[in-house]
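Work through the exercises below with the model open beside you. Try each task before you read its solution.

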Amino acid sequence: MWLRFIVILEILGTIMKQVALKMALKLTLMMTLILVVLPRNYQETTKTTAEIIKEIMRENPVVSAAHIAVKVGISVNGVQYHIKKMKASGEIERIGSDRGGYWKVND
């Protein structure tokens, strides 16, 4: 009798572990959705990517392309593409070196 009871407890323990793992996976997926996808979707849709990048540069002139990419929700190469276009059109300019300089946004 005790052996059956112990086996049943072990089976229940295994089932509980599997349920806990599934719940942890769902929670992880939900947190990823909240941290990665939602910020991109909640940006004002009337602003272009270039406008959002310029806004970030105004707030923090020493910001890196990698940081901008995370905030905007695009790749670093995408940010570099927009920066190249804006520099060519005179909308922004880099003052100083790549590491020690800052961004100047020309309105």
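The exercises go from the overall fold to single side chains.

This is a predicted model, in which local features need pLDDT of at least 70, side-chain atom pairs count only at pLDDT 80 or more, and totals for chains, interfaces and linings use all residues. Residues are numbered from 1 along each chain as its sequence is written, and side-chain values use heavy atoms, with hydrogens and water left out.

**Exercise 1. The overall fold**

Task: list the secondary structure in order, then describe surface and burial.

Solution. 
- Step 1. Helices (H or I, at least four residues) and strands (E, at least two) are DSSP runs, numbered from the N terminus. The protein has four helices and two strands.
- Step 2. Read from the N terminus, the order is α-α-α-α-β-β.
- Step 3. Buried means under 20% relative accessible area, exposed over 50%, and partly exposed in between (1.4 Å probe, protein chains only). Of the 107 residues, 20% are buried.
- Step 4. Accessible areas come from the Shrake-Rupley method with a 1.4 Å probe; for residues, only the protein chains shown count as cover. The total is about 8600 Å², and carbon and sulfur atoms supply 65% of that surface.
- Step 5. Contact means heavy atoms within 4.5 Å. Among contacts with a separation of 6 or more, 38% join residues 24 or more positions apart.

**Exercise 2. Salt bridges**

Task: find the salt bridges and state the burial of each partner.

Solution. 
- Step 1. A salt bridge is a side-chain nitrogen of Lys or Arg within 4 Å of a carboxyl oxygen of Asp or Glu. The whole structure has two.
- Step 2. Glu55 pairs with Lys47 at 2.5 Å, N to O. Glu55 is partly exposed because its relative accessibility is 31%. Lys47 is also partly exposed, at 26%.
- Step 3. Lys54 pairs with Glu91 at 2.8 Å, N to O. This pair links distant parts of the chain, 37 residues apart: Lys54 is in helix H2 (residues 49-59), and Glu91 is in the loop between helix H4 (76-89) and strand E1 (92-95).
- Step 4. Lys54 counts as buried because its relative accessibility is 14%. Glu91 is partly exposed, at 27%.

**Exercise 3. Surroundings of Ala69**

Task: is Ala69 buried or exposed? Which residues does Ala69 contact?

Solution. 
- Step 1. Ala69 lies in helix H3 (residues 65-72).
- Step 2. Its relative accessible area is 6%, so Ala69 is buried.
- Step 3. Leave aside neighbours within four places in sequence. Ala69 then contacts Ile74, Ser75, Val76 and Val79.
- Step 4. Gln80 is eleven residues from Ala69 along the chain, and their C-alpha atoms are 9.1 Å apart.

**Exercise 4. A ring and a charge**

Task: which charged end sits over the ring of Trp103?

Solution. 
- Step 1. A charge sits over a ring if NZ of Lys or CZ of Arg is within 6 Å of the ring centre and within 35 degrees of the ring normal.
- Step 2. The charged end of Arg94 sits over the Trp103 ring, 4.8 Å from its centre.

**Exercise 5. Val19**

Solution. 
- Step 1. Val19 is in helix H1 (residues 2-41).
- Step 2. Val19 counts as partly exposed because its relative accessibility is 41%.
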